[in-house]
Amino acid sequence: MSWVREAYYPSWQQSLRMDREVFRQQSPHQEILIFDNADLGRVLMLDGLVQATERDEFIYHESLVNLAWASHPAARRALVIGGGDGGCLRELVRHADLEAIDLVEIDAAVIDASRRHLPSIHRGAFDDRRVRTVIDDGAAFLERSGETYDLVLVDAPDPVGAGAALFTETFYRACRRCLGAAGVLAAQFGNPLLDAAGQERCAGRLAMAFPAVAFALAPVATYLGGALAIALAGEQPPVRRRDPAHALRWYDAERHDGMRLLGAALDPVPGSIPSLPGRPAGPAHALPAMQTH
Ligand code: SAM
């Protein structure tokens, strides 16, 4: 038994007890660690940062996928960027009306390790006939790809290392190009209070790339701070248009609306222009709940 410390924020850290180490590998991209914890179940960490635990990953994956899916009237094609643990795929393949699901993950070793050691997370979704797995940088893939999608799910790690490429205005513009008029992007956006400035910068970039940006807030205990912002973006403000045909553990219509209600405090004020370096200053990019006191 030992303790694994997650130290992302300078002044607030968490420790998880490692009761049994299951897998550890230094891939060309990052250190992959999978271990068991008596309360959290199996845990996936990359470069010392929690990616998923069996205990609460369903809240994150069900929310990220279905906030986007329900905001599209008739999605047929979905793209996951990152997501090598297969949790997003698991939620996508439940939707019988999806015809094609691409997953672009930079690190083949994460997929290999997850396939072997995290079966309760992916539940065989990698082998669904609609799923195509591509090993590539998601940002580079989108620059080259002529594919179009109805849903883009950015199941990214925190904006450090290779993950930083998934939080740029260039990347968001590439996402918009591959989405149709009704297309919806959903992206994990970290904790809105602990990294208010970083999140506001990323929200500004997203708002430069998409005409409509909104947020939801999901309660995920093992992401430090316990509340995870999920950004939604598209041509029009995202509204819930339909309900999944299957029952889920966390996500349903009421929780969709509740998560949106909580996240609405982070929504950019309509018509505001984020003031970013190299852009003319506009009205303040108001994200009230993310400001520090
Ligand atoms: N839900 C998780 C979180 O917020 O902590 C994200 C989980 S998922 C495992 C993140 C994946 O994104 C990792 O497997 C990582 O290898 C992948 N990734 C990081 N940068 C990437 C990039 N530029 N393109 C594609 N995948 C990337």
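## From a buried strand residue to the ligand shell

Leaving out residues up to four places away in sequence, Val154 touches Ile81, Gly82, Leu166, Leu185, Ala187 and Gln188. The model in which these contacts are found is a predicted one, and Val154 itself has its place in strand E10, which covers residues 149-155. Because 28 C-beta neighbours lie inside 10 Å of Val154, where 20 or more are enough, this residue counts as buried.

A contrasting position is that of Arg130, which lies in the loop between helix H4 (119-122) and strand E9 (131-135). Arg130 has 17 other C-beta atoms within 10 Å and is therefore partly exposed. When residues up to four places away in sequence are not counted, Arg130 touches Val93, Leu98, Glu99, Ala100 and Ile101. Ser120, by comparison, is ten residues from Arg130 along the chain, and the C-alpha atoms of these two residues are separated by 20 Å.

The largest nonpolar core has 83 residues, and the members that touch the most other members are Leu153, Ala186, Ile230 and Ala231. Helix H1 gives the most to this core, with eight residues, and the core draws at least three residues from each of domain 1 (2-53) and domain 2 (57-290). For Ile230, once neighbours within four places in sequence are set aside, the contacts are Ser63, Leu64, Leu67, Ala186, Gln188, Phe189, Phe215, Ala216 and Ala218.

Helix H1 deserves a separate look. Its residues are 57-69, and at 1.5 Å a residue these 13 residues should span 18 Å, which agrees with the 18 Å between its end C-alpha atoms. Because 13 of the 13 residues of H1 are buried, the helix is largely enclosed by the rest of the structure.

On the level of the whole protein chain, the division is into domain 1, residues 2-53, and domain 2, residues 57-290. The centres of the two domains, taken over C-alpha atoms, are separated by 23 Å, and 23 residues of domain 1 are in contact with 21 residues of domain 2. On the side of domain 1 that touches domain 2, at least two residues come from each of strands E1 (2-9), E2 (12-18), E3 (20-26), E4 (31-37), E5 (41-46) and E6. Strand E6 gives the most to that side, with five residues, and by class the side comprises 13 nonpolar, seven polar and three charged residues.

The ligand brings the two domains into one picture. Both domain 1 (2-53) and domain 2 (57-290) give residues to the shell around the ligand, so the ligand lies between them. This shell consists of 26 residues, of which the closest are Gly82, Gly84, Ile106, Gly138 and Ala162; Gly82 is also one of the residues that Val154 touches. At least two shell residues are supplied by each of strand E6 (49-53), strand E7 (77-82), strand E8 (100-105) and helix H5 (138-144). Sorted by class, the shell around the ligand holds 13 nonpolar, eight polar and five charged residues.

Key: Residues numbered from 1 in each chain as written. Predicted model: local features only at pLDDT ≥ 70, side-chain atom pairs only at ≥ 80, totals over all residues. Near = placed C-beta within 6 Å. Helix = DSSP H or I, 4+ residues; strand = E, 2+ residues; numbered from the N terminus. Nonpolar A, V, L, I, M, F, W, Y, C, P; charged D, E, K, R; others polar. Domains from an automatic or database assignment. Expected span 1.5 Å × (residues − 1). Buried ≥ 20, exposed ≤ 12 C-beta atoms within 10 Å, placed from the backbone. Contact = placed C-beta atoms within 7 Å. Core = buried A, V, L, I, M, F, W, Y, C linked by C-beta atoms within 7 Å.
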